[in-house]
Amino acid sequence: MMQSLVEAIQRIADLGGPVVLLLCALSIVVTTVVLYKFWQFTTAGVGRHKALRDAVAAWDAGDRAGARSYLNRSRSYLCPVVDMAMSGQRDGERLEAEAEIRFAKLERGFRLLDSVAQLAPLLGLFGTVLGMISAFQALQDAGAQVDPSILAGGIWVALLTTAVGLAVAMPTALILSWFEARMDAERVLAGKALRTILAPTGRTAELQDVAAGAAIHA
């Protein structure tokens, strides 16, 4: 098995040179990170917040018991933050910080994907330059005996590295954009939930309005 792996690596190196080998290694890293992020998003319940939304809606309607019941059924990673808000934590900045800690865990690896998406085309371009240098060196060594086949090797490497670089960069950028869009939606949901819970409602709002009016008349 090890011998087959070595032979495969050698064939890739012969076809595209060290740049293609590096791009292939980056593609393996990206695939590993993406699979891990999908697993992490699934286990955290990203995008699956029906019970959490129902809990916030019940709280907004004044049904505290119903809100707790819905929250206990939720498997969302945001449940501890919402529970803190429902339990009397009124510091909005503290709650937002707790939510950001959870967002940061889910966003771990995004910078790596972004770096690969930006670096892969540059590596492809670098391989293209190396391939063209090789082709012109072969042309120079041939002297007056110019044969198109002499240029084929360098041009092949140049085109292959460009194609591989784009093939790695484009899906990486697309998947990263999807991950970032999901996290933007998560932030919106968390912000709305916390503001709804922290907002004064019902009798509390009436008392605050009365106190505010009394202060104005005073």
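Me: How many helices and strands are there in the protein chain?
Reply: This is a predicted model. Its protein chain has 8 helices and 0 strands.

Me: And how do the elements run from the N terminus on?
Reply: They go α-α-α-α-α-α-α-α.

Me: Let's zoom in on α3 and α4. Which residues do they cover?
Reply: Helix α3 takes in residues 64-73. Helix α4 takes in residues 79-86.

Me: What's used to describe two packed helices, in general?
Reply: The angle between their axes, plus the distance between the axes.

Me: So what are those for α3 and α4?
Reply: The axes come within 10 Å. They cross at roughly 160°.

Me: Is the crossing left-handed or right-handed?
Reply: The crossing of α3 and α4 is left-handed.

Me: Which residues meet there?
Reply: From α3, Ala67, Arg68 and Leu71. From α4, Cys79, Val82, Asp83 and Met86.

Me: New topic. How much of the protein chain counts as buried?
Reply: Of its 218 residues, 33%.

Me: What about the accessible surface?
Reply: For the protein chain, about 13,200 Å². Carbon and sulfur atoms account for 65% of that.

Me: Last one, contacts along the sequence. What share joins residues at least 24 apart?
Reply: 74%, among contacts in the protein chain between residues at least 6 apart in sequence.

Definitions and conventions
Residues numbered from 1 in each chain as written. Predicted model: local features only at pLDDT ≥ 70, side-chain atom pairs only at ≥ 80, totals over all residues. Heavy atoms only, no water. Axes fitted to C-alpha atoms, helices over the stretch in contact; angles between N-to-C directions. Helix = DSSP H or I, 4+ residues; strand = E, 2+ residues; numbered from the N terminus. Left-handed = near helix turned anticlockwise from the far one by under 90°. Contact = heavy atoms within 4.5 Å. Buried < 20%, exposed > 50% of the residue type's maximum accessible area, 1.4 Å probe, protein only. Areas by Shrake-Rupley, 256 points an atom, 1.4 Å probe, with all protein chains shown as cover.
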